[in-house]
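Take a look at the model below.

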Amino acid sequence: MDIRAIIESGELELYVMDRLPAAETAQIDKLRVAHSELNEEIRRIEDTLIAFATAQAIRPSANLKNKIAAQLNFADEPAQTVTPNTTAPETKVITMVPPAYRFMAAASVALIIGLGASTFYYYSKYNEANSNLLAMRTEQNVLANQVKYQKEQSEAMQQQLAVVSDPTNKAIVLKGLPIAPNAQAVVYWNNETGKAYINSTNLPALAANEQYQLWAIVDGKPVDMGVVDKDSVFNIAKDVKGAVAFAITVEPLGGKATPTLEKMYVLGNVTI
Amino acid sequence: MNQPATYTEEVLVAEIKGKSRKAFEYLYDNYSPALLGVIYNVLHNEEASNDALQEVFVKIWNNIHNYDPSKAKLYTWMLNIARNHAIDKLRSKAMKTDRELRNDKNFVSHINGNVSTFVDGIGLQKLIDGLDIEQRQIIDYIYFQGYTQSEVAEELNIPLGTVKSRVRLAVNKLRKHF
């Protein structure tokens with residue numbers, strides 16, 4: 001069995017990802033016991049994929065923990081429990097009051113025990129440091145993600161504020177037509193630059209194979225302004241100039257070249 | 001994560017087997033973000049991901065006696081439970097229709113920067129940037145969509161050996177980042 005060839009094949013990566021057929025998994029289970037080289041490579045792949053997973057970390061919402069706890073059975077109740085090893089296992093202090101002639105022998109024994117204990121101690125410390133590092137990496141990712149999210153939110157809000165407060169932008173309210181009396185949308189549009197934004201948070205839910213599409217009426221003809229997701233605040237529509245009205249129709253996914261007029265949900269005229 | 005205590009995996013496993021509440025707290029605080037991240041990158045749906053995370057914890061809790069430390073680290077074992085569970089969910093009918101209709105908003109297109117209301121891993125983005133398109137594709141199929149090697153070979157019309165070697169190349173590239 002060529003161990004090197006197995007390592008290079010990519011099979012071990014699939015093994016760690018739990019994506020090998022059962023027979024091949026069983027074979028590697030066996031081989032890793034006999035070949036430390038293989039075993040070490042598997043551990044390295046595990047470390048890489050663990051780091052890959054922590055790079056994706058997302059902090060769950062706060063209520064989830066209790067929801068999960070409520071579904072589990074615990075042997076103990078919240079506060080009191082077996083304490084985790086907050087520090088490494090204790091090193092035993094060996095008190096010896098040996099007679100003088102046994103001193104040398106005793107000292108050697110103590111030294112050996114001491115070495116063993118400290119090796120164990122440092123090994124535990126090493127493990128502890130390793131898992132602390134992992135936890136910190138995860139934490140760092142979670143925080144970085146939160147910062148990114150907040151930044152996106154704040155940028156989006158600034159952009160929205162800029163659009164709304166720009167006096168050259170016109171707000172056109174699109175009102176529900178008889179087939180969707182409660183529907184409503186708002187278009188913010190600048191006739192000079194042609195820029196348009198659509199707030200579509202008050203449109204009813206659609207079937208999964210349908211999508212909203214925005215139209216501008218220019219010279220009596222509908223001009224495609226692009227598809228609009230329901231619930232999007234300040235979706236940027238295509239540019240248009242000289243519009244006299246805006247309307248939203250329901251179309252198949254991806255939109256159409258011409259509007260389906262009988263499925264027009266909202267309409268609003270541009271007032272001068 | 002303001003818990004000063006640290007468990008080694010070995011102690012943690014023993015404590016979970018003993019159904020200790022404190023062990024759950026530790027497990028959840030330290031591992032749930034990564035588990036949720038992986039689940040979310042499979043499902044791309046916040047609500048379904050939260051549900052899946054709950055189910056995954058129940059599975060971990062109830063199946064801890066099946067965990068064999070000679071075969072995988074605890075972390076690996078849990079990640080595989082999470083990923084496999086998410087992939088099963090993805091393949092269940094409801095999610096599938098939803099997914100198809102989202103125009104295959106998968107990992108590969110996801111990399112090209114669509115904005116989710118749920119927070120995506122910055123770290124992931126950086127890592128993925130280092131992979132070439134073939135490697136991204138293979139990670140997407142196998143890791144995030146749970147294809148078998150032969151399914152990928154068929155889908156991409158490449159030999160089985162090539163599927164494996166691309167997986168290795170991709171993981172090797174990821175390794176260089178850590």
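Begin with Met225(A), which touches Ala196(A), Leu214(A), Trp215(A), Ala216(A), Ala237(A), Lys238(A), Asp239(A), Val240(A) and Phe246(A), not counting residues up to four places away in sequence. Contact here means heavy atoms within 4.5 Å. Met225(A) lies in strand 5 of chain A. Helices (H or I, at least four residues) and strands (E, at least two) are DSSP runs, numbered from the N terminus. Is Met225(A) buried or exposed? Met225(A) counts as buried because its relative accessibility is 2%. Buried means under 20% relative accessible area, exposed over 50%, and partly exposed in between (1.4 Å probe, protein chains only). Between Met225(A) and Ile236(A), 11 residues apart along the chain, the C-alpha atoms are separated by 9.4 Å.

A word on the ground rules. This is a predicted model, where local features need pLDDT of at least 70 and side-chain atom pairs count only at pLDDT 80 or more, while totals for chains, interfaces and linings use all residues. Residues are numbered from 1 along each chain as its sequence is written, chains are lettered from A and ligands numbered from 1 in the order in which they are written, and side-chain values use heavy atoms, leaving out hydrogens and water.

Now widen the view to the sheet. Chain A has an open sheet of eight strands in the order 5-4-7-8-1-2-3-6, with antiparallel pairing. Two strands pair if DSSP finds at least two bridges between them. Which strands are at the edges? They are strand 5 and strand 6 (235-236) of chain A, and each pairs on one side only.

Strand 5 (residues 221-228) of chain A pairs with strand 4 of chain A in the antiparallel sense, over six bridges. One detail: Ala216(A) has Val223(A) in strand 5 as its bridge partner. The hairpin of strand 4 and strand 5 of chain A has two residues between the strands, and Asp219(A) there takes a positive phi near 50°.

Strand 4 of chain A is also joined to strand 7 (residues 245-252) of chain A by eight bridges, and these two run antiparallel. Here Ile217(A) stands opposite Ala245(A) in strand 7. Why is strand 4 (residues 210-218) of chain A described as largely enclosed by the rest of the structure? Because eight of its nine residues are buried. In a regular strand the side chains alternate between the two faces of the sheet.

Elsewhere in the sheet, strand 2 (residues 184-189) and strand 3 (residues 196-202) of chain A pair in the antiparallel sense over five bridges. In strand 3, Asn199(A) is the bridge partner of Val186(A).

Next, see where the chains meet. The contact takes 72 residues from chain B and 74 residues from chain A. Together the two chains bury about 6500 Å², 62% of it on carbon and sulfur atoms. Buried area is the accessible area (1.4 Å probe) that two parts lose on being put together, summed over both.

Charges meet here too. The rule finds nine salt bridges across this interface of chain B and chain A. A salt bridge is a side-chain nitrogen of Lys or Arg within 4 Å of a carboxyl oxygen of Asp or Glu. Lys65(A) forms one with Glu25(B), with the closest N and O atoms 3.2 Å apart. On the side of chain B that touches chain A, helix 2 of chain B gives the most, with 16 residues.

Finish with Asn80(B), in helix 4 (residues 74-91) of chain B. Asn80(B) counts as buried, at 12% relative accessibility. Leaving aside neighbours within four places in sequence, Asn80(B) is in contact with Val16(A), Met17(A) and Asp18(A).
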